[in-house]
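This briefing is for a reader who is meeting the structure for the first time. Please look over the sequence and the model before reading on.

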Amino acid sequence: MNDIKETLKKALIKELKLEDVNPQDIEDDAPLFGEGLGLDSLDAIELVVLVQRHFGLSMQDQEEARLAFASVNALSAYIEARLAC
Amino acid sequence: MTSLSSSPRQPCSRVTVGWTSRSLGSRLQHAVFYRLIAVGGRKAAYALLFPVVLLFTFKQEVIRRSAPYLQHRFPGSGHFDRWRRRRRLLWEFGKTLVDRAVAGITGEFGVETDQRELDTIFELHKENIGLIMLSSHIGAWQMSMSVLPDCLPVPVSVVLYRDPGDLDRHYFDHAGKAPAFSVIDPSGGMSSALAMVQTLQKGGILCMMGDRLFGNSQECRAPFLGEAVSLPYTPYYLASVTGAPIVVFFSPRVGPGKVRNIIVDVIRVPSGLGKTPAAYEPYARRFAEAMEKRVRINPYQFFNFFNLWEQPPSRRSRQTETA
């Protein structure tokens, strides 16, 4: 789980070009969108592609994706569960 | 019309930028036309349309909303010439609306697509990374999109915004059944974004309009009919992130109830361009060039009744800040 979180944070920084942000700056339970990391709806597009590129998972269900995008914790739990299937 | 919020902590609002999807006609006027089509068919509706168009050419609201395009497309026109061109524009627009209603009420309409154009779509679809079909408010674009699901057995989504309280009915509203494609409301923020990217990930077709801004979107500037306009950058951003090619197509009306799909360009946007609108301007320029060529061929089928050349408030405020 921690490996996934670490990979995810590094991917977020690289793919979303988050400037002056280190993996340790991203809190596990902070919201990714809005007040937390400050991502917007365009970043959601990039996130879906990121999950596919780095973890080989296609996020086809919109509601599932919305829930998974709540935080790093939620997204890594989603990825772990999907990889276990 | 297709844009999503790209400013952190600024949710996409239900605000169109300079344009409205609301019809100028009243509920009664719409109902009369729909009833007439059901009883007398297309010709009867065209007959009623003629005097209605004539009356509308003198409406201040219509004059104001049609002037920016006509002035750019036909600069230097005199008073009578402007009226004549306004009448032609409204006449074509009216016939397109009648055709759309006829398609919904009686099911009569035809979309012509050359085999060569279909082959282009088939070839691009083989890449299995989805397809962005980018068009403009030229001709009968909604009718043309309705046949896309017949071309390829893949999911088709159309990004379509409707102002609350809009009386104008789409062809599928008349038919009383779900359209052949799924509709994505661009005002949905993250939901809209997810729906768009998921359509592409399924290898599907995503139809978008490249000529209208929506919400808090950032924009690309591109010359169109001699002056810069603001165009949404979402289609090019989506293409960059997902790798999906953009097929630029237009759907001019070619006769009563007849539309022709014309593919004019295939745009490939490289990945890794980030979120700076300027990076996407070369692609928006290609779209604007294609749109200009098309309105030179079909000058009275460009249905953007607002000032496309007016800078959106976001850009004006940025300029004020930097001044």
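Over all chains, the structure holds 20 salt bridges. The model is a predicted one.

**A salt bridge between chains**

- Asp40(A) is paired in a salt bridge with Lys275(B), and their closest N and O atoms are 2.8 Å apart.
- This pair crosses between chains.
- On one side, Asp40(A) sits in the loop between helix H1 (2-15) and H2 of chain A.

**The interface of chain B and chain A**

- The size of an interface is often given as the accessible area lost when the parts come together.
- Here chain B and chain A bury about 2,200 Å² between them, and 57% of that area is on carbon and sulfur atoms.
- Chain B brings 25 residues to the contact, and chain A brings 25 residues.
- Two salt bridges are found across the interface of chain B and chain A, and the one between Lys275(B) and Asp40(A) is a salt bridge from chain to chain.
- Eight residue pairs are in polar contact between chain B and chain A, counting pairs with both residues at pLDDT 80 or more.
- Helix H8 (190-201) and helix H9 (234-242) of chain B each supply at least two residues of the side of chain B that touches chain A.
- H8(B) gives the most to that side, with eight residues.
- By type, the side of chain B that touches chain A divides into 11 nonpolar, 11 polar and three charged residues.

**Ser58(A) and its surroundings**

- Ser58(A) is found in the loop between helix H2 (41-55) and helix H3 (62-68) of chain A.
- The side chains of Ser58(A) and Gln60(A) are joined by a polar contact of 2.6 Å.
- Apart from neighbours within four places in sequence, Ser58(A) is in contact with Gln52(A), Tyr78(A) and Arg82(A), and also with Gln201(B) of the other chain.
- Ser58(A) and Arg82(A) are 24 residues apart along the chain, and their C-alpha atoms are separated by 9.7 Å.

**A cavity in chain B**

- How many cavities of 30 Å³ or more does a search of the whole structure find? The search finds one.
- The volume of the largest cavity is about 70 Å³.
- Helix H4 (115-125), helix H6 (148-151) and strand E10 (258-267) of chain B each supply at least two residues of its lining.
- Residues of the lining include Glu117(B), Ile121(B), Met133(B), Leu148(B), Phe249(B) and Asn261(B).
- The lining of the largest cavity divides into seven nonpolar residues, three polar and one charged.

Note on methods. Residues numbered from 1 in each chain as written. Chains lettered and ligands numbered in written order. Heavy atoms only, no water. 1 Å grid on protein atoms, 1.4 Å probe; cavity = no way out; pocket = protein on both sides within 12 Å on 5 of 7 lines; lining within 4 Å. Points joined across faces, edges and corners; volume = space filled by probe spheres on them. Helix = DSSP H or I, 4+ residues; strand = E, 2+ residues; numbered from the N terminus. Nonpolar A, V, L, I, M, F, W, Y, C, P; charged D, E, K, R; others polar. Contact = heavy atoms within 4.5 Å. Buried area = accessible area lost by both parts, 1.4 Å probe. Salt bridge = Lys/Arg side-chain N within 4 Å of Asp/Glu carboxyl O. Polar contact = N/O pair within 3.5 Å; in protein donor to acceptor, adjacent residues only side chain to side chain.
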